[in-house]
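These notebook entries record what I looked up, topic by topic.

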Amino acid sequence: MIKVLVVDDSAFMRKIISDILVSDRMIEVIGTAKNGKEALDKIPHLNPDVITLDIEMPVMDGITALKEIMKKFKKPVIMLSSLTSQGAEATLRALEYGAVDFITKPTNIFKVGSRDKREEIIKKVKVAASAILSNTVVDKYAVFKKNSIVIDNKKEKLDYIVALGTSTGGPRALQSIIPNLPSEINAALVVVQHMPKGFTKSLANRLNSMSHLVVKEGEDGELVRRGYCYIAPGDYHMTLEEVGINKVYIRLNKEKPVSGHRPSVDVLMESVAKIKYLKKIGVILTGMGSDGSHGIKLIRENNGFTIAQDEKSCVVFGMPKAAINIGGINKVLPLDSISDEILNILGVL
């Protein structure tokens, strides 16, 4: 049984989340708390396997409580976030501080009990119960210390496309890679991170603030440029279209979700695999499920080089494991070695 502590200032939310969780025979709700302080008091006695934690609460908010939980108890935490820009910013901070994942609250609170939302909550709690928790918090200033590379290259020529796909644990993983890449690399990065609309924009802004590359959401029809990193917007598939030699454009669409995801890593990487005139690198990072395994295998089969994050450094080893198991990966590396490997392939190191 997975023992869960539900923390929310709303009695209605505590009740509905508890009811959803106990509907699964593998989950037991062993207690509830109405704020972060009450949760911290209860954790030593209840010893939960997973904690669901609302962000906005009186007395002690979720972010403050999360910091204390990670420092004192090191328990898997899933944040509950509102679908607002403020909620997205707070959620990204929570993921940096060690939360495993997050669940968005629908604008209509009664839709929390919908079938899709029920399945999401149960699935994420089960994944969190077996997640590997990192011992470090990403320091947005520390990443610059490693990045001492300066490239004297004024040319605009684009030589490489680097495609990265990730899900659970992805924001922290991306923060360990993208800020360590210099702006003058002869490559452009394209990224799919499973996140809802609005959250991907906050992610792009946050990565941009700590990176030498220009990090932004991809826009339909946009020319892909070297020194840029393009994040697929939430609720849109992002693909690349090659037009002539060394000219690649971003295309966005709202076609059906693939394996439950839009954006989908597979959709992006399948389009990257079709590029003929640029060299290709595919990277699969931490995440549950198998999205990206088919696409990254195609990149490898079309003369690209592919990398998977190793099990020890993943929060969840699902996506890398699936890609490895079907023969889609050239090299398996710990997270802190991936940026150096990319630079090595690009001929920088």
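**Entry 1: burial.** I first noted the cut-off that I would need: a residue is called buried when its relative accessible area is under 20%. I also noted that the model is predicted.

**Entry 2: aromatic pairs.** How many aromatic pairs does the structure hold? I found 2 of them. Phe-102 and Phe-199 form a stacked pair, with 5.1 Å from centre to centre and 5 degrees between the planes. I then looked up where these two residues lie in the chain. Phe-102 belongs to strand E5 (residues 101-105) and Phe-199 to helix H8 (residues 199-209), so the pair links distant parts of the chain, 97 residues apart. Phe-102 is buried because its relative accessibility is 5%. Phe-199 has a relative accessible area of 1% and is therefore buried.

Tyr-228 and Tyr-230 have ring centres 5.8 Å apart. Why is this pair called stacked? The planes of the two rings meet at 20 degrees, and planes under 30 degrees apart count as stacked.

**Entry 3: charges over rings.** I next looked for charged side chains above ring faces. Over the ring of Phe-102 sits the charged end of Lys-124, at 5.3 Å from the ring centre. Lys-254 lies over the face of Tyr-236, and here the distance to the ring centre is 5.0 Å.

**Entry 4: Asp-101.** Strand E5 also holds Asp-101. Is Asp-101 buried or exposed? Its relative accessibility is 10%, so I recorded Asp-101 as buried. The side chain of Asp-101 makes a polar contact with the side chain of Thr-168, at 3.5 Å. Leaving aside neighbours within four places in sequence, I listed the contacts of Asp-101, among them Val-77, Leu-95 and Lys-124.

Entry 5: In an unreviewed entry, UniProt annotates Asp-54 as "modified residue: 4-aspartylphosphate". I located Asp-54 in strand E3 (residues 50-54). With a relative accessibility of 3%, Asp-54 counts as buried. Which residues does Asp-54 touch, not counting those up to four places away in sequence? I listed Val-7, Asp-8, Asp-9, Gly-62, Met-79, Leu-80 and Lys-105.

**Entry 6: the annotated active site.** The feature "active site" is placed by UniProt, in an unreviewed entry, at Ser-167, His-194 and Asp-291. These positions are spread over 125 residues of sequence, yet they cluster in space, with a largest C-alpha distance of 9.8 Å.

Where is Ser-167? I found Ser-167 in the loop between strand E6 (160-166) and helix H7 (170-175). Ser-167 is buried because its relative accessibility is 8%. Not counting residues up to four places away in sequence, Ser-167 touches Gln-193, His-194, Thr-286, Gly-287, Met-288 and Met-319.

His-194 lies in the loop between strand E7 (187-193) and H8. Its relative accessibility is 14%, so His-194 counts as buried. With residues up to four places away in sequence left out, the residues that His-194 touches include Ser-167, His-261, Asp-291 and Met-319.

How values were computed:
Residues are numbered from 1 along each chain as its sequence is written. This is a predicted model: local features need pLDDT of at least 70, side-chain atom pairs count only at pLDDT 80 or more; totals for chains, interfaces and linings use all residues. Side-chain values use heavy atoms; hydrogens and water are left out. Rings of Phe, Tyr and Trp (its six-membered ring) pair if their centres lie within 6.5 Å; planes under 30 degrees apart count as stacked, over 60 as edge-to-face and the rest as tilted. Helices (H or I, at least four residues) and strands (E, at least two) are DSSP runs, numbered from the N terminus. Buried means under 20% relative accessible area, exposed over 50%, partly exposed in between (1.4 Å probe, protein chains only). A charge sits over a ring if NZ of Lys or CZ of Arg is within 6 Å of the ring centre and within 35 degrees of the ring normal. UniProt positions are given in the numbering used here, feature names are shortened, and annotations may be inferred rather than shown by experiment. Contact means heavy atoms within 4.5 Å. A polar contact is a pair of N or O atoms within 3.5 Å; within protein, one must be able to donate a hydrogen and the other to accept it, and residues adjacent in sequence count only if both atoms are side-chain atoms.
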